[in-house]
Amino acid sequence: MHGISHWDRVYENGKRLLAPGVNPLVVGLFAYLHDSCRMDDWEDIDHGERAAVWIDTLRNTYLKDVSDEEIGLLKDACRLHTIEHKTGNPTIDACFDSDRLDLWRVGIIPDPDRLATEKGKEIARNTDYKALIGY
């Protein structure tokens, strides 16, 4: 449930959420890193924190060309994506919504009132999740 298919959908959602003030690199990296340190698909509240720590280990190799500011945003988005609703930072909030718009895969219809961005709310309002879920 939290593997490459989910990450690909989060990436596609993230591209749809790009707006002024949203860093596309951070949103793209978030898609593939936010759940990368999960121990299982169910209860694993610390997986975002582990992902943030893992990002530090990638800093001098795969992420060497990513700025310190972008790394900070990426780590915050990973760390907070399961425990915060909205931060007010356009990039982090787009990361949150890119993940939450894929809740339908586990039978949960994304609630526009629980999304952090206006674009995310609009997408949730205009998507037929019942058809995706198979209701």
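Analyst: What follows goes through the ring pair, the charged residues and the core.
This is a predicted model, where local features need pLDDT of at least 70 and side-chain atom pairs count only at pLDDT 80 or more, while totals for chains, interfaces and linings use all residues. Residues are numbered from 1 along each chain as its sequence is written, and side-chain values use heavy atoms, with hydrogens and water left out.

User: Why is the pair of Tyr11 and Tyr32 called tilted?

Analyst: Rings of Phe, Tyr and Trp (its six-membered ring) pair if their centres lie within 6.5 Å; planes under 30 degrees apart count as stacked, over 60 as edge-to-face and the rest as tilted. The structure holds one aromatic pair. In it, the ring centres of Tyr11 and Tyr32 are 5.7 Å apart and the planes stand at 45°, so the pair is tilted.

User: What makes this pair a tie between parts of the chain?

Analyst: Helices are DSSP runs of H or I, at least four residues, numbered from the N terminus. Tyr11 belongs to helix H1 (residues 4–16) and Tyr32 to helix H2 (residues 24–33), so the pair ties together parts 21 residues apart in sequence.

User: Why do Tyr11 and Tyr32 count as partly exposed?

Analyst: Buried means under 20% relative accessible area, exposed over 50%, and partly exposed in between (1.4 Å probe, protein chains only). Tyr11 has 31% relative accessibility, so the residue is partly exposed. Tyr32, at 28%, is therefore partly exposed too.

User: How do you know that Asp68 and Arg59 form a salt bridge?

Analyst: A salt bridge is a side-chain nitrogen of Lys or Arg within 4 Å of a carboxyl oxygen of Asp or Glu. The closest N and O atoms of Asp68 and Arg59 are 2.5 Å apart. The whole structure has seven salt bridges.

User: What makes Lys121 and Glu118 a salt bridge, and where do they lie?

Analyst: The N to O distance between their side chains is 3.8 Å, and they meet in a salt bridge. Both residues lie in helix H6, three residues apart, about one turn of the helix. Lys121 is at 17% relative accessibility and so counts as buried. Glu118 is at 57% and so counts as exposed.

User: Which residues are linked with Asp102 in a network of salt bridges?

Analyst: Arg9 and Arg105 are linked with Asp102 in the network. Asp102 and Arg105 meet at 3.7 Å, N to O. Asp102 has 0% relative accessibility, so this residue is buried.

User: Why do Arg100 and Asp97 have no salt bridge?

Analyst: Lys and Arg count as positive and Asp and Glu as negative; His and the chain ends are not counted. The nearest side chain of opposite charge to Arg100 is Asp97, 4.3 Å away. Since a salt bridge needs the atoms within 4 Å, Arg100 is buried yet has no salt bridge.

User: What does the side chain of Arg100 reach, and what lies 2.7 Å from the side chain of Asp97?

Analyst: A polar contact is a pair of N or O atoms within 3.5 Å; within protein, one must be able to donate a hydrogen and the other to accept it, and residues adjacent in sequence count only if both atoms are side-chain atoms. The side chain of Arg100 reaches the backbone oxygen of Glu84 at 2.5 Å. For Asp97, a polar side-chain atom has the backbone nitrogen of Ala116 at 2.7 Å.

User: Why is Ile55 called buried, and what does Ile55 touch?

Analyst: Its relative accessible area is 0%, so Ile55 is buried. Ile55 sits in helix H3 (residues 47–58). Contact means heavy atoms within 4.5 Å. Leaving out residues up to four places away in sequence, Ile55 touches Leu33, Leu63, Ile71, Leu74, Lys75 and Cys78.

User: Which residues touch the most other members of the largest nonpolar core?

Analyst: A nonpolar core is a set of buried Ala, Val, Leu, Ile, Met, Phe, Trp, Tyr and Cys residues joined through side-chain atoms within 4.5 Å. Of the 28 residues in the largest one, Phe30, Ile55, Leu63, Leu74 and Leu101 touch the most other members. The largest share, six residues, comes from H2.

Note on methods. Helix = DSSP H or I, 4+ residues; strand = E, 2+ residues; numbered from the N terminus.
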